[in-house]
Amino acid sequence: MQSKQVYVGVDIGSSRTKVAVLDADKKFIGRAILHSGTDFGGTAEVCLESALKMADASTYDIIKTISTGYGRKNVSFSNDTKTEIACHSAGCYYYFPEAITVIDIGGQDNKIIKIDKNGRRINFKMNRKCAAGTGAFLEEMSMRLNIPLEDMNDLASQSTDMVKLGSFCTVFSATEVLENIRHGKKVPDIVKGLFYSVIKRVLEMDSLTDNVVMTGGVVAHNLYLVSMTEEILKRKILVPEYPQFTGAIGAALFAMQE
Amino acid sequence: MAEEKKVARKKLRTAEAMGKFMADYYYELDNAAKTGEKKIAWCTSVGPAEILRAMGFLVYFPETHSAMLGSSRMATDYIPYANALDYSPEVCSYMTADIGAFLQGVTPLSKAFPGIQSIPKPDVLVFNTNQCRDVRDWFSWFARRFNVPIVGVDGNRHVKVVTDTIVESNAKQMENLIPPLEKVIGKKFDIDKLREAVALSRKCSNLWKDILEVASVKPSPLTFFDGCTLMGPAVVARGTQPAVDIYEQLLEEMKERVKDKEGAVENEKFRIYWDGMPVWGRLRAHSELFAGLNANVLASTYCSSWIFTALDPAEPFKSMARAYSELFNSRSDEYKEEYIKEKIKLYGIDGIIFHDAKTCPYNTNCRYGMSKRLENETGIPSLIINGDLNDLRLVSDEQMKTNVEAFIEQLAENK
């Protein structure tokens, strides 16, 4: 078998670990995703193995690996680290090489990153120390409503009379949800209200430029959030092919650069 | 594995003398509290300390004590005791930490200075609300607790221009402090002694300004984090000769560093301005975080708050009134923005960090759009970090790290 040259990006998020493999032509040829769990390094290794398998490559083919995300310093096979802000920027610019605002909705944090037409970051913002508007908020609510997380997207899209939730706070929102249940509101209407709350919290973080890209696990699994955002912003939102992998792809692109 | 970089911090020679200086200061207070030989006045950090010194009081500053509660990471354990008395977790964590620690009978002074068991009991408390309302609430709690008099100055806030009217009003309030203070100390006020204290305070202020401005040299021999501990004498001993002496020594050392081109941070690549309070419990961690990224946080509005260029012994009351009204903290956003723009130029700043301290709205300047306005006007990028001065329940280390690393990456990409 002819040896390939591959570049690896590892994104250890608070919720999921993602590995992306790019070939020398920047083609995204391998990927894997798992719960980050409690052994970040171990999870990254398992992901690497399956991403390389998908790419039909071996560890000997790796030219360089860059890690990112909360667990970026825990990856034994990584050569260097970059922040998730840098990697999401690079990953989104890889898909949309133009001036963009990236909205990344992750398990524990949200980011809004502005990138100019040359791919340079102009500025960025992360959410405050609060679950509002993050995946953690939806996870908490799915537990309270006893609805599997993966069913929320379909439920929200069935809503005919969305419930409005006004609070910033996850605990206060939970109280509002209980109040709506008590008043006999339908579950799809409550779930759509939860989605709306996530979007509002994120959009409150910063102003947006013309082209908006949405990424992250919450977006990947709940594409209805994107339609709702389009409705609120009255414009088309760009979504990369693998919204949960932009950080890992960005890291692999940095591996290629350096 | 991509490991965390270990950072060697360069120690200042004067730091040792500074330690002794602070020890002498607290032992003198402790002795006075135990023997009753001298009267003790508590004073807010930008209160009229010169008057108190001129009248013969020993002056204790609770804010410095609370900063010690913060830097020793004791504050977070004691804040809840004040919260339980309905002092909200969202009001000044200097105040809540100090009240909480007092209620529990603990002080970081005991560990730092063996033999000291408690903070020195006040004979009188003197505030100036130029910095915030919370200092008055804080002092009022202790005044009730100790059953001692409390007097003060209601300073002006959001001031664009310090007018003669403001100066006269504040000067009058300061003069009005004299009769109640004479009653406490049992001695007549002597204007010449006030002139002496004001002259010494001005000398201290000039030296402190020169020390801070040494950071304009590239590489800077000083960091903001050093400044946070080196400012001790400017806060607790302005108006005295020992404060002047130690700052003369420190300035000499700074000049030596400049001559030797010795930067405080190895291979300084980025020069950062810090607006707002430090996170006392993370002073070292933050110092290492920035140094590890070859970034020097070298100037701040906070450390510069103890520069009082208006002080003039010829007109002690009026000049004190002007000096304490000119405080950055009590000014309008328009003034503050011009001030920061000047500092950006003076220090050759690449980026600004705004600390949004949850419990200190008065010393947080990014809540009304200032960061965006300054970015637009100067082109210098800024980063807002969320945290607190003392309450570590409001601090996220991981978020801080990621934000700062990403900010420095951004500066590097655009350099």
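Biologist: What percentage of the 415 residues in chain B do buried residues make up?

Modeller: A residue is buried if 20 or more other C-beta atoms lie within 10 Å of its own, exposed if 12 or fewer, and partly exposed in between, with C-beta atoms placed from the backbone. In chain B, 52% of the 415 residues are buried. Please note that this is a predicted model, in which local features need pLDDT of at least 70 and side-chain atom pairs count only at pLDDT 80 or more, while totals for chains, interfaces and linings use all residues. Residues are numbered from 1 along each chain as its sequence is written, and chains are lettered from A and ligands numbered from 1 in the order in which they are written.

Biologist: What is the mean pLDDT of chain A?

Modeller: The term pLDDT denotes the predictor's confidence in each residue, from 0 to 100. Chain A has a mean of 92, and 98% of its residues reach 70 or more.

Biologist: Which residues of α1(A) are buried?

Modeller: Helices (H or I, at least four residues) and strands (E, at least two) are DSSP runs, numbered from the N terminus. In α1(A), the buried residues are Phe40(A), Thr43(A), Ala44(A), Cys47(A), Leu48(A), Ala51(A) and Leu52(A). Seen down the axis of α1(A), they fall within an arc of 160° (taken from the directions from the helix axis to the C-beta atoms), so they line one face of the helix. An α-helix has 3.6 residues a turn, so residues three or four places apart point the same way.

Biologist: What covers the buried residues of α1(A)?

Modeller: The cover includes β1 (6–12), β2 (16–23) and β3 (28–35) of chain A.

Biologist: Is α2(A) largely enclosed or largely open?

Modeller: Ten of the twelve residues of α2(A) are buried, so this helix is largely enclosed by the rest of the structure. Among them are Ile85(A), Cys87(A) and Tyr93(A).

Biologist: How many residues of chain A are in contact with chain B?

Modeller: Two residues are in contact if their C-beta atoms, placed from the backbone, lie within 7 Å. On that basis, 21 residues of chain A are in contact with 17 residues of chain B. Two or more residues on this side of chain A come from each of β5 (80–81), α2 (84–95) and β8 (121–126). The largest share, four residues, belongs to β8(A).
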